[in-house]
Amino acid sequence: MTENIIILAGGASSRMKKSTYQNLSPQKIAQANKLSKGLIELRGKPFLSYLLENILNAEFKNVYIITGENPQMFREAFENNLNFKSLKIQFATQYIPDNREKPYGTADALYQCLNQYPDLKDDSFCVCNSDNLYSLNALKILKNANSHQAILAYDIDHLKYPKERIARFAVMKFDDYYNLTTIVEKPEPDQIANFIDTHQKIRVSMNIFLFDGRLFFKYLESCPAHPTRDEKELPTALMNMIEDNIKVKGIPIAEHVPDLTSKNDISILEKYLSEN
């Protein structure tokens with residue numbers, strides 16, 4: 001059980017900016033091309049507001065939002081937001097090394113956050129994306145998990161995405177006790193069928209985790225960059241920890257996770273929010 005959650009909001013949003021679109025207003029197109037995804041307005045509020053509402057209702061206390069090197073718009077939106085006055089919202093910055101043009105990946109973002117808030121190195125915390133709308137149910141399950149470390153394992157049959165999009169998610173394998181044994185980021189499409197579990201399900205990560213800083217920090221610190229994508233990714237740090245026989249419990253879950261990746265997702269999400 002934890003009272004802390006860290007939100008990854010420091011990405012470059014390159015897929016959003018490069019994506020094509022249909023039936024979007026000029027204002028929404030401008031926001032998608034300029035803003036971080038969590039700041040794009042949906043039904044009059046930044047997208048991240050909807051996630052923070054679920055975080056608040058799940059009874060988290062401390063929220064750490066990791067932004068890029070220009071956090072001002074996030075601070076203006078959320079630092080003194082009266083809707084979230086019972087949350088302690090703090091900000092960490094993911095700095096870009098001098099020899100790079102874009103952030104160094106999710107493991108690097110979390111590593112920098114823990115260095116900026118050292119108390120987290122001795123505490124437990126959840127981690128999630130800023131561009132996924134995780135349900136209240138999902139957040140409560142992970143927050144109140146009995147395990148020191150856990151990952152929500154989503155049944156792909158309940159994710160309302162085309163197969164080619166699901167193939168870009170990280171796919172997972174578990175042992176008979178549902179401890180994580182393998183996580184593969186962006187697997188080859190013909191490999192996905194090899195990950196069927198004992199319940200005849202294929203489970204993927206939607207990047208929502210529970211970690212113990214006392215166990216995980218050193219794997220963030222030593223995380224190597226992916227040889228192709230040249231980013232330090234959380235699944236890499238996670239696998240290095242598992243290879244040292246540190247357990248991460250998989251928690252099966254069967255529900256959709258709305259996602260804001262491309263411009264076409266904006267209208268889909270606005271429809272979803274109006275119906276839910």
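Predicted model: local features only at pLDDT ≥ 70, side-chain atom pairs only at ≥ 80, totals over all residues.
Me: OK, rings. How many aromatic pairs are there?
Reply: Eight aromatic pairs. Rings of Phe, Tyr and Trp (its six-membered ring) pair if their centres lie within 6.5 Å; planes under 30 degrees apart count as stacked, over 60 as edge-to-face and the rest as tilted.

Me: Why is the pair of Tyr 64 and Tyr 117 called what it is?
Reply: Their planes are at 65°, so the pair is edge-to-face, with the ring centres 5.0 Å apart.

Me: Where do those two sit in the chain?
Reply: Tyr 64 is in strand β4 (residues 62–67), and Tyr 117 is in the loop between α5 (106–116) and β6 (124–129). The pair links distant parts of the chain, 53 residues apart. Helices (H or I, at least four residues) and strands (E, at least two) are DSSP runs, numbered from the N terminus.

Me: Are Tyr 64 and Tyr 117 buried or exposed?
Reply: Both Tyr 64 and Tyr 117 are buried. Buried means under 20% relative accessible area, exposed over 50%, and partly exposed in between (1.4 Å probe, protein chains only).

Me: And what about Phe 209 and Phe 211?
Reply: They form a stacked aromatic pair, 5.3 Å centre to centre with 20° between the planes. Phe 209 is buried at a relative accessible area of 1%, and Phe 211 is buried at 0%. Phe 209 and Phe 211 also belong to one aromatic cluster with Phe 125 and Phe 216.

Me: Which charges sit over rings?
Reply: The charged end of Lys 143 sits over the ring of Phe 60, 5.8 Å from its centre. Lys 173 has its charged end over the ring of Phe 195, 5.5 Å from the centre. The rule is that NZ of Lys or CZ of Arg is within 6 Å of the ring centre and within 35 degrees of the ring normal.

Me: Switching to helices. How many residues of α3 are buried?
Reply: Eight of the 11 residues in α3 (residues 47–57) are buried, so the helix is largely enclosed by the rest of the structure. Among them are Phe 47, Tyr 50 and Ile 55.

Me: How does α3 pack with α6?
Reply: The helices α3 and α6 (residues 136–143) pack at an angle of about 50°, with their axes 9 Å apart. Axes are lines fitted to C-alpha atoms, for helices over the stretch in contact, and angles run from 0 to 180 degrees between N-to-C directions. That makes α3 and α6 oblique to each other; angles under 35 degrees count as roughly parallel, over 145 as roughly antiparallel, 65 to 115 as roughly perpendicular and the rest as oblique.

Me: Which residues make that contact?
Reply: Leu 51, Asn 54, Ile 55 and Asn 57 do it from α3, and Leu 136, Leu 139 and Lys 140 from α6. Contact means heavy atoms within 4.5 Å.

Me: What about α5 and α8?
Reply: The axes of α5 and α8 (residues 213–221) come within 9 Å and cross at roughly 120°, and the two helices are oblique to each other. Residues in that contact include Leu 110 and Tyr 111 of α5, and Phe 216 and Phe 217 of α8.

Me: New topic: where is Ile 266?
Reply: Ile 266 is in helix α10 (residues 264–275), and is buried with a relative accessible area of 0%. Ile 266 and Ile 40 are 226 residues apart in sequence and 8.6 Å apart in space, C-alpha to C-alpha. Leaving aside neighbours within four places in sequence, contacts of Ile 266 include Leu 24, Ile 40 and Leu 260.

Me: Last one: which residues have a positive phi?
Reply: Among them is Glu 59, at about 75° although not a glycine. Glu 59 is in the loop between α3 and β4 and is exposed, at 54% relative accessibility. Gln 200 has a phi near 60° and is exposed too, with a relative accessible area of 61%. Most residues other than glycine have a negative phi.

Conventions:
Residues numbered from 1 in each chain as written. Heavy atoms only, no water.
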